[in-house]
Amino acid sequence: MKTRTKVVVIGGGIAGCSTLYHLTREGWSDVMLLERDELTSGTTWHSAAQVTNFGMTQTMVGLKSHSIRLYKELADDPEYPINYHHGDGGIRLANTPEQMDGYRHFTSMARGMGVDFEVIDAEECARRHPLISTDNLIGGLWDPLDGDIDPAQLCQALARRARKAGAEIHRHTPVTGLRQLADDTWSVETPKGEIHADIVVNACGYRVNEVGAMMGVHHPVMSMEHQYFITDDIPAILEAGHRMPLIRCPISDFYSRQEKSGLLVGFYEQDCRTWGMDGIDPHFCNDLCPDDLDRITDVLEGAFARMPALTEVGIKSVVNGPITYTMDGAPLVGPIPGKRNAFCIIGLRAGLGEGGGHGWLLAQQIVHGEACYDTWMLDPRRFTGHANVELCALKAIEDYQNEFRFHFPHEHRPAGRPAKTTPLTAVLAAEGAAFGVVTGWERVDYIKPDPGFTETHGFRFNEVHDVVGQEVRAVQSGVGLTEVSGFNRFEITGKDAHGFLDRMICGRVTRKSGRVGLGYLLNHHGMLKGEATIANLPDSHTGPARIWYGSAAAAEYHDMDWLTMHVTEGMDVQIRSLTNDWTILVVAGPKARDVLSAAARGDWSSTAFPWLSVREAFIGIAPAVVMSVSFSGESAYEIHVPNAHLHAAYLALRTAGAAHDLRLFGSRAVESMRLEKGYLHWKSDLLTEFDPFETGLSRFVKMDKPDFIGKAALEARQSDGPRKTLVTLSLECSDRAATPGASVMHGGAVIGTITSGDWGHRTGLNLGLGFVNPTFGAPGTVVSVDLLGDLIQARVIAPCPYDPDTTRPRQ
């Protein structure tokens with residue numbers, strides 16, 4: 001075994017084998033895999049091994065399509081063929097109109113990735129799968145490429161190809177210690193000796209946190225016991241003359257696929273059970289949990305009703321083994337937060353079906369710094385400090401219980417709430433606030449018109465639509481107040497702070513004291529990495545001048561990693577997070593300045609405190625930092641308050657606002673208003689797949705700057721012209737929003753994808769943002785958007801349909 005290598009991958013299941021193979025495909029052959037036992041001896045060996053194209057986002061569809069192409073190539077390899085039942089087809093069932101709307105949306109979304117799904121009615125479901133009943137069934141989603149694969153053969157095939165490309169694989173070689181060296185490389189300790197690696201990858205399945213503990217980190221991954229059984233031969237299958245499609249049933253929480261001449265039937269019971277929370281037996285390898293069929297009785301009854309043939313056949317074998325979940329059901333694939341040269345590919349609850357694609361995306365990140373898709377939905381840094389073991393267990397249970405029930409727009413499920421709150425959470429709840437969740441933080445969604453008000457979730461406008469409209473009109477005509485919890489906030493100090501930011505940001509960085517600016521960060525490929533508000537706080541009684549860096553709540557770990565990575569030796573730059581210690585109150589509307597003037601001493605006139613200003617002040621008795629900035633397009637102030645003083649500031653503003661009929665509003669109203677202004681959301685519209693010119697941000701790029709991260713790559717990209725361009729669309733419908741992921745069409749072909757959409761209550765426009773082929777980017781161009789199976793006509797309009805000269809915030 002060699003003692004020096006570029007990458008050590010820890011874990012020999014599908015995650016590790018796929019990563020190792022794809023690293024060699026990206027050109028790195030000096031790589032190793034270490035497995036404590038035999039390959040596939042963890043969860044992989046007992047996987048039900050379904051391989052579907054279905055995904056909740058385009059990134060997930062793309063990585064699953066890669067898996068299918070790769071597995072088909074492996075299966076057809078004459079030197080080492082593997083068993084892969086490719087293209088059996090699969091149906092996801094539905095018994096509500098809302099579920100069917102979801103399937104129509106996913107069909108539109110997948111079309112943008114070159115994947116063809118089909119929405120079918122109940123009778124067609126039964127025609128394609130003759131074993132199912134149509135009772136209580138409306139229809140389903142057909143995936144023609146659905147299938148299943150042999151787990152062990154798949155991993156061996158990937159390992160074989162990796163070895164042929166130069167990679168090493170060492171079985172029976174447990175990792176016993178990990179130590180990061182001064183140069184950020186790693187010492188990997190094993191009973192066979194120590195390995196010096198540039199990079200380490202945690203691909204350890206249900207033992208993820210045993211290796212995480214060696215690195216001093218905890219990963220929000222929880223294992224759940226999962227059972228399936230295999231039946232004896234079923235006569236109808238023997239007589240059918242073709243393989244049965246796969247079934248996934250959100251009505252009765254089960255799935256099935258053909259296994260030889262019988263069925264493999266798996267269950268997601270409500271009375272489910274976590275596994276390994278208090279440690280895992282070191283000898284648990286190629287092992288299973290005890291059978292517990294009593295636990296699945298309720299689900300089994302639903303499966304019998306849907307597939308009556310199951311009542312007439314015996315059970316050949318039962319499998320009950322651990323599978324891993326994260327807090328939102330999506331895997332963790334990418335950089336480990338707070339660590340250099342450390343990555344993970346963990347929490348793969350559908351590991352076999354997705355593993356080929358996950359390893360592909362991770363290898364690209366390791367070798368090139370980014371993948372071909374924006375991978376934020378998989379990024380381990382999307383979870384922050386709230387992601388403890390207990391919370392992860394609650395969310396894993398909830399996700400397990402809803403395995404085949406997708407999230408509807410604006411749906412925030414109840415398990416593990418509230419995880420992160422402010423001193424105002426209970427106060428606002430008493431005022432009627434309905435809350436959503438942003439990176440664990442409870443954030444006001446809207447204000448309920450009465451205590452008994454409830455929302456019906458779906459893909460069409462619902463009861464909340466008019467409530468949000470009233471909030472928007474209150475802000476537009478008078479003044480509104482809301483809390484923005486969890487906003488990411490770093491304090492940057494040191495004599496080199498401005499020079500450091502000037503290199504990080506592609507545009508001009510304001511250096512003037514008391515002023516605020518907006519900047520964009522690029523990666524080394526010239527693509528958008530982040531968005532930041534830069535505020536220069538003057539010298540004051542609280543301390544010397546310093547810079548506040550603000551970004552999206554979800555960006556807390558992501559941005560800290562990116563910034564600290566570029567603070568080089570000898571640079572006088574210090575970065576301190578204030579994210580969990582401060583909260584924002586936003587006062588917005590034409591009377592906002594009146595409210596602020598009544599609540600705080602000082603001159604708040606447009607002359608003394610113009611747009612894009614920042615100063616320290618007292619809101620009543622509460623110390624605060626006030627910024628004249630607006631995400632709503634109205635005159636507005638962000639009032640940043642230490643959490644210890646937040647309630648006092650809130651009371652002062654409510655008291656000052658009483659004379660001006662101040663109303664509370666929530667984030668749904670903000671979403672509507674920001675679309676009318678053409679303001680973009682990080683990881684909705686600001687993606688690593690596009691550069692700032694393609695995203696319509698040319699005014700924030702200064703190519704005459706001596707240097708900034710990504711400049712050389714951005715210059716090189718310009719000769720080819722834009723691949724896509726971000727446009728604002730006005731849709732000719734009033735009953736549904738442009739749901740992110742929906743395909744933009746012209747002449748029967750996909751020309752783009754929606755990134756954001758909502759109703760503009762001030763303009764009366766149904767608005768959508770989306771990236772389209774540049775040919776269709778000019779205002780006035782007419783296209784269509786596939787929304788829930790209907791082609792809705794849409795027109796490209798100017799990107800700021802409300803107050804295009806931005807006069808209202810300056811008043």
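UniProt places the feature "domain: GCVT N-terminal" (unreviewed entry) at residues 425-705, in a position given in the numbering used here, with a shortened feature name and an annotation that may be inferred rather than shown by experiment. This is a predicted model, in which local features need pLDDT of at least 70, side-chain atom pairs count only at pLDDT 80 or more, and totals for chains, interfaces and linings use all residues. Residues are numbered from 1 along each chain as its sequence is written, and side-chain values use heavy atoms, with hydrogens and water left out.

**Annotated regions**

- Over residues 425-705 the chain is 25% helix and 28% strand, where helices (H or I, at least four residues) and strands (E, at least two) are DSSP runs numbered from the N terminus.
- Another UniProt feature, "domain: Aminomethyltransferase C-terminal" (unreviewed entry), is placed at residues 724-803.
- Residues 724-803 are 0% helix and 56% strand, and the end C-alpha atoms of this span lie 26 Å apart.

**Helix α12**

- With 14 residues, helix α12 (residues 464-477) reaches 20 Å from its first C-alpha to its last, close to the 20 Å expected at 1.5 Å a residue; the expected span is 1.5 Å times one less than the number of residues.
- Among the buried residues of α12 are Val 464, His 465, Gly 469, Glu 471 and Val 475; buried means under 20% relative accessible area, exposed over 50%, and partly exposed in between (1.4 Å probe, protein chains only).
- The buried residues of α12 pack against several elements, including β22 (441-447), β29 (582-588), α17 (667-677) and β36 (749-760); contact here means heavy atoms within 4.5 Å.

**Nonpolar cores**

- In soluble globular proteins, nonpolar side chains tend to be buried together.
- A nonpolar core is a set of buried Ala, Val, Leu, Ile, Met, Phe, Trp, Tyr and Cys residues joined through side-chain atoms within 4.5 Å.
- The largest such core here has 49 residues, and those with the most contacts inside it are Val 7, Leu 23, Ile 149, Leu 154 and Ile 366.
- Elements that each supply at least two residues of this core include β1 (4-10), α1, α5 (151-164), β12 (193-202), β20 (342-346) and α9 (351-368).
- Not counting residues up to four places away in sequence, Ile 366 touches Val 7, Leu 23, Trp 28, Ile 199, Val 201 and Phe 343.
- A second, separate core of 43 residues includes Val 211, Tyr 228, Tyr 268 and Met 327.

- β12 pairs with β20 in the parallel sense over three bridges; two strands pair if DSSP finds at least two bridges between them.
- Val 201 stands opposite Phe 343 in β20.
- Strand β19 (residues 332-335) runs antiparallel to β20, joined by four bridges, and Val 333 has Ile 345 as its bridge partner in β20.
- The hairpin of β19 and β20 has six residues between the strands, and there Gly 338 takes a positive phi near 80°.

**A three-strand sheet**

- Three strands form an open, antiparallel sheet in the order β3-β8-β4.
- β3 (50-51) and β4 (84-85) are the edge strands, each pairing on one side only.
- Two bridges link β3 with strand β8 (residues 147-149), and Val 51 has Gly 147 as its bridge partner in β8.

**A close look at Thr 24**

- Thr 24 sits in helix α1 (residues 14-25) and counts as buried at 13% relative accessibility.
- A polar atom of the Thr 24 side chain lies 2.5 Å from the backbone oxygen of Tyr 21.
- Leaving aside neighbours within four places in sequence, Thr 24 is in contact with Val 31, Ala 162, Ala 165 and Ala 167.

**Backbone details to look for**

- The peptide bond from Arg 417 to Pro 418 is cis, with omega near -5°, and Pro 418 is in the loop between α10 (389-401) and α11 (425-430).
- His 172 has a positive phi near 55°, lies in the loop between β9 (168-170) and β10 (177-180), and is partly exposed, with a relative accessible area of 40%.

Key: A polar contact is a pair of N or O atoms within 3.5 Å; within protein, one must be able to donate a hydrogen and the other to accept it, and residues adjacent in sequence count only if both atoms are side-chain atoms.
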